[in-house]
Amino acid sequence: MILPNGTSPLGEGFVDVEELQLEPTDRRTTLMKAVVWHGKRDVRVDTVPDPIIQEPTDAIVRITSSGICGSDLHPYEVLVMFMEEGDILGHEPMGIVEEVGSEVAHIAAGDRVVIPFNISCGHCFMCDRQLYAQCETTQVRSEGKGAALYGYTKLYGRVPGAQAEYLRVPQAQFGPIKVPEGPPDDRFVYLSDVLPTAWQAVVFADIPDGGSVAVFGLGPIGQMCARIAMHRGAGRVIGVDLVPERLEMARLSGVDVLDLNEYDDIGDAVRGLTNGRGADSVIDAVGMEAHGSPIPQAMQKGASLLPDPLAQKMIERAGVDRLAALWASIDAVRRGGTLSLSGVYGGMADPLPMLDLFDKGVQIRMGQAHVRRWVDDILPLLAGDGDPLGVDDFATHHMPLEEAPLSYEIFQKKQEGAIKILLQP
Ligand SMILES: NC(=O)c1ccc[n+]([C@@H]2O[C@H](COP(=O)([O-])OP(=O)(O)OC[C@H]3O[C@@H](n4cnc5c(N)ncnc54)[C@H](O)[C@@H]3O)[C@@H](O)[C@H]2O)c1
Ligand SMILES: [Zn+2]
Ligand SMILES: [Zn+2]
């Protein structure tokens, strides 16, 4: 098994665990189940060695729930050239602390914790500014990227992921969020990614009090963006998608939904609901795999068939993102409005309508969520008896870890009503 090497917290290359030359007594002899990437659309549940404490700042957590995210679909389908067979996927976990390193003080064995998807130290230049997704301690400098992430391609450090029975948590002196005993995991697990990502998207969207926001994409992120926007005082929330049960879920929470399939010009449809101007703010919660982008879709497919080095260059140098949702978002925002991107994009030379962006005076904010930054805002909404964000029945599926291959398939193909799936090891 490949693990991050012992000299750096993360990111400076990886060594085989055999080369760590640990005493046999330091090595766990036990094995665990984990969701392992084998190739495009090929994930399997394999038996791999348990993770072990390697740094005094590590913790080992026994995972009780682990989400499957839209972000997991990128290595599953498009970013295959940045993956290696054997990589463990997953970045939305919670569980019980099993063991902590000597420098981890705020949590102890037996504590119930949620683990943020980005790995941050809490004390560097970036973390001091709450830019946790840019942590300089875990930045993946070899790839020119920000903070390391669990289970997410070599671009983000090839850190073994969280769809597994156990997870090694680096920088555990800062990352894990202690949550109370009692309610089911569903109450807290979305603190790892979905809720802070949606919260940041809404804050970045800068919706005027009582103003309008259009949310493109009603996957888990878009659903929560809509709910949080309402909670924070948006006057009108418009949601755009093309999957009936996703539109219905949003409609039930008070969103004015637009089915992409029913409009030739979705920008006009949004303007039709916003006094002809367009929405004050637009959130793109779709990202690089947007439906309705035929040419880049073919390029993505082509890239995923090329030998890895060529494919990596193509993805990094060329415009291979499917931009339908981004272009529609730019069209749907009003003049002087704000565009907030939480959908992930990866092309280095994507064509953008600079004329429209500049002429309309659009402000744009984006990026990976700085998870810990928003936790204090969100926790009170999860703590009481009420459930203002509707997390308790948000998951459409709870599946055993063994069923990860099927779970990935139905989530990607949007079958069996799958909107949010939690794997439960
Ligand atoms: N910024 C971050 O930190 C962060 C964190 C988590 C997820 N993400 C990203 O957010 C995006 C959404 O994640 P998710 O888990 O909700 O994924 P998802 O794949 O379930 O949701 C995407 C939704 O967009 C819809 N869609 C596709 N094309 C569309 C179009 N042209 N117009 C409108 N809707 C369209 C799909 O039907 C789907 O419902 C992904 O790109 C994911 O990688 C970013
Ligand atoms: Zn996620
Ligand atoms: Zn840091």
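Modeller: Ligand 1 is surrounded by 32 residues, among which Gly 70, Gly 217, Gly 219, Gly 287 and His 291 come closest; a residue is included if its C-beta atom, placed from the backbone, lies within 6 Å of the molecule. Two or more residues of this shell come from each of α4 (220-231), β11 (236-241) and α9 (324-332), and the largest contribution, three residues, is that of α4. These elements are DSSP runs numbered from the N terminus, with helices (H or I) of at least four residues and strands (E) of at least two. The model is predicted, so local features need pLDDT of at least 70 and side-chain atom pairs count only at pLDDT 80 or more, while totals for chains, interfaces and linings use all residues. Residues are numbered from 1 along each chain as its sequence is written, and chains are lettered from A and ligands numbered from 1 in the order in which they are written.

Turning to the packing, Phe 216 touches Val 240, Val 282, Ile 283, Asp 284, Ala 285, Val 286, Ala 325, Ala 328 and Ser 329, leaving aside residues up to four places away in sequence; contact here means C-beta atoms, placed from the backbone, within 7 Å. Phe 216 is also among the residues with the most contacts inside the largest nonpolar core, which has 130 residues. Such a core is a set of buried Ala, Val, Leu, Ile, Met, Phe, Trp, Tyr and Cys residues joined through C-beta atoms within 7 Å, where buried means 20 or more other C-beta atoms within 10 Å of the residue's own, exposed 12 or fewer, and partly exposed in between. Helix α3 (residues 194-205) gives this core eight residues, the most of any element.

Against α3 pack the buried residues of α11, namely Val 371, Arg 372, Arg 373, Trp 374, Ile 378 and Leu 382. Helix α11 (residues 371-383) kinks by about 45° at Asp 377, shortly before Pro 380, the bend being the angle between axes fitted to the seven residues ending there and the seven starting there.

The chain is divided into domain 1 (2-192 + 370-424) and domain 2 (195-366), with bounds from an automatic or database domain assignment. Across the boundary, 26 residues of domain 1 are in contact with 28 of domain 2, and α11 supplies the largest share of the domain 1 side, five residues.

Note on methods
Two residues are in contact if their C-beta atoms, placed from the backbone, lie within 7 Å.
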